[in-house]
Amino acid sequence: MTISISAIYTPPLSQNPLLVPSPISKLPRFSPPRSAILCFSSSPPPPPDMDATTGPSLYPLHRSKTLHLVRHAQGIHNVEGEKDHSAYMSYDLFDAHLTPLGWNQVDNLHKHVQACGLSKRVELVITSPLLRTMQTAVGVFGGGAYSDGIDVPPLMVANAGNSNHPAISSLNCPPFIAVELCREHLGVHPCDKRRSVSEYRPLFPAIDFSLIENEDDILWTPDIREKNEEVASRGLKFLNWLWTRKEKEIAIVTHSGFLFHTLSAFGSDCHPSVKSEICTHFANCELRSVIIVDRSLMGSDSSTTNYPGKIPQGPDLPSDIADEKQSEKGASK
């Protein structure tokens with residue numbers, strides 16, 4: 001599995017995965033679809049005279065997915081925690097919701113994904129099942145203001161999670177699903193503890209919570225904080241799970257710690273500046289678009305664009321192969 005960063009928005013087998021920045025573009029400009037994805041890696045090994053950190057690799061398009069990674073917008077815990085780190089232990093920040101400035105960040109990113117055409121390409125939105133991530137997800141990738149006359153459930157009802165925000169429509173939007181695997185560090189900090197599923201459903205009627213196995217949050221414990229390496233392992237499990245999905249272009253709205261420790265597993269065989277770019281912490285409401293490539297055949301689909309050729313059939317022996325065959329005949333005499 002290979003991942004390459006193909007676009008970044010910043011506010012104002014080998015079985016070992018690889019994550020490297022791609023020179024293709026930066027949002028809002030997007031390259032048109034290609035029949036293969038180029039990314040910079042050291043696998044397969046380059047010729048001896050080629051630097052391993054600059055050699056290109058080519059992968060079939062149908063063995064890849066495009067992921068749009070988003071960290072949630074500013075939450076109340078970000079503000080209080082920056083003032084006083086001990087505030088993260090406060091139950092006043094339980095399942096932290098977005099601040100007014102956070103909603104402003106959401107509105108700006110929503111405008112960006114609309115302007116660059118990303119909103120029309122995303123086939124699925126995956127969100128961590130916490131207030132701040134779900135508010136960010138529906139605000140960025142949702143359909144805007146909700147009208148009572150429209151006969152579809154809203155992505156978010158008005159004032160969900162003390163938002164003082166109008167309802168958000170699900171009209172003309174991709175499906176939204178909540179997934180526990182992409183949550184923030186589990187344990188100790190109340191801001192990272194979720195509510196029960198039955199509390200969320202009325203607030204976010206069009207989000208699918210069916211993949212969450214337990215009504216209550218049994219993953220969060222008050223006295224044990226998930227280790228960084230455990231978050232990284234969970235992140236790789238999440239990336240592998242994505243290959244069970246049929247969608248090719250997926251938005252994922254998650255958390256700083258989850259993104260940082262998951263992405264830090266990549267880029268060790270890249271140029272140091274590339275590794276540094278990969279491992280940089282996300283800003284609130286930052287978007288980075290990446291390509292994940294399946295080199296292990298764990299979940300690749302058949303190509304929808306490849307064409308077998310030779311229809312109708314006829315002689316098509318290339319000259320270079322003809323030369324090789326002629327040389328082989330001469331050598332056998």
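This report walks through a few strands, helices and loops of a predicted model.

## A buried strand and its partner

Let's start with strand β10, which covers residues 287-293. Because 7 of its 7 residues are buried, β10 is largely enclosed by the rest of the structure. Leu287, Ser289, Ile291 and Val293 point one way from the strand, while Arg288, Val290 and Ile292 point the other way.

Strand β5 (residues 64-71) is joined to β10 by 7 bridges, and the two run antiparallel. Within this pairing, histidine 68 sits opposite serine 289 of β10.

Histidine 72 belongs to the loop between β5 and α1 (76-83). Its relative accessibility is 2%, so histidine 72 counts as buried; the cut-off for that is under 20%.

What does the side chain of histidine 72 make a polar contact with? The partner is the side chain of arginine 132, at 3.3 Å. Leaving aside residues up to four places away in sequence, histidine 72 touches His77, Asn78, Arg132, Thr133, Thr136, Thr254, His255, Asn284 and Cys285.

## An enclosed helix

Arg132, Thr133 and Thr136 are among the buried residues of helix α4.

Now turn to helix α6 (residues 228-241) and helix α7 (residues 256-263), which pack at an angle of about 80 degrees with their axes 8 Å apart. That angle makes α6 roughly perpendicular to α7, because angles of 65 to 115 degrees count that way.

On the α6 side, the contact involves Asn228, Val231, Ala232, Arg234, Gly235, Leu236, Phe238 and Leu239. These meet Gly257, Phe258, His261 and Thr262 in α7. By type, the residues of this contact divide into 6 nonpolar, 5 polar and 1 charged.

## Backbone details in the loops

Asparagine 159 has a positive phi of about 60 degrees although it is not a glycine, and asparagine 164 has a positive phi of about 50 degrees. At 43% relative accessibility asparagine 159 counts as partly exposed, whereas asparagine 164, at 71%, counts as exposed.

Finally, look at proline 312, in the loop between β10 and α9 (319-332). A cis peptide bond, with omega about 0 degrees, links isoleucine 311 to proline 312.

Note on methods: Residues are numbered from 1 along each chain as its sequence is written. This is a predicted model: local features need pLDDT of at least 70, side-chain atom pairs count only at pLDDT 80 or more; totals for chains, interfaces and linings use all residues. Side-chain values use heavy atoms; hydrogens and water are left out. Axes are lines fitted to C-alpha atoms, for helices over the stretch in contact, and angles run from 0 to 180 degrees between N-to-C directions. Helices (H or I, at least four residues) and strands (E, at least two) are DSSP runs, numbered from the N terminus. Angles under 35 degrees count as roughly parallel, over 145 as roughly antiparallel, 65 to 115 as roughly perpendicular and the rest as oblique. Contact means heavy atoms within 4.5 Å. Ala, Val, Leu, Ile, Met, Phe, Trp, Tyr, Cys and Pro count as nonpolar, Asp, Glu, Lys and Arg as charged, and the others, Gly among them, as polar. Buried means under 20% relative accessible area, exposed over 50%, partly exposed in between (1.4 Å probe, protein chains only). Two strands pair if DSSP finds at least two bridges between them. A polar contact is a pair of N or O atoms within 3.5 Å; within protein, one must be able to donate a hydrogen and the other to accept it, and residues adjacent in sequence count only if both atoms are side-chain atoms.
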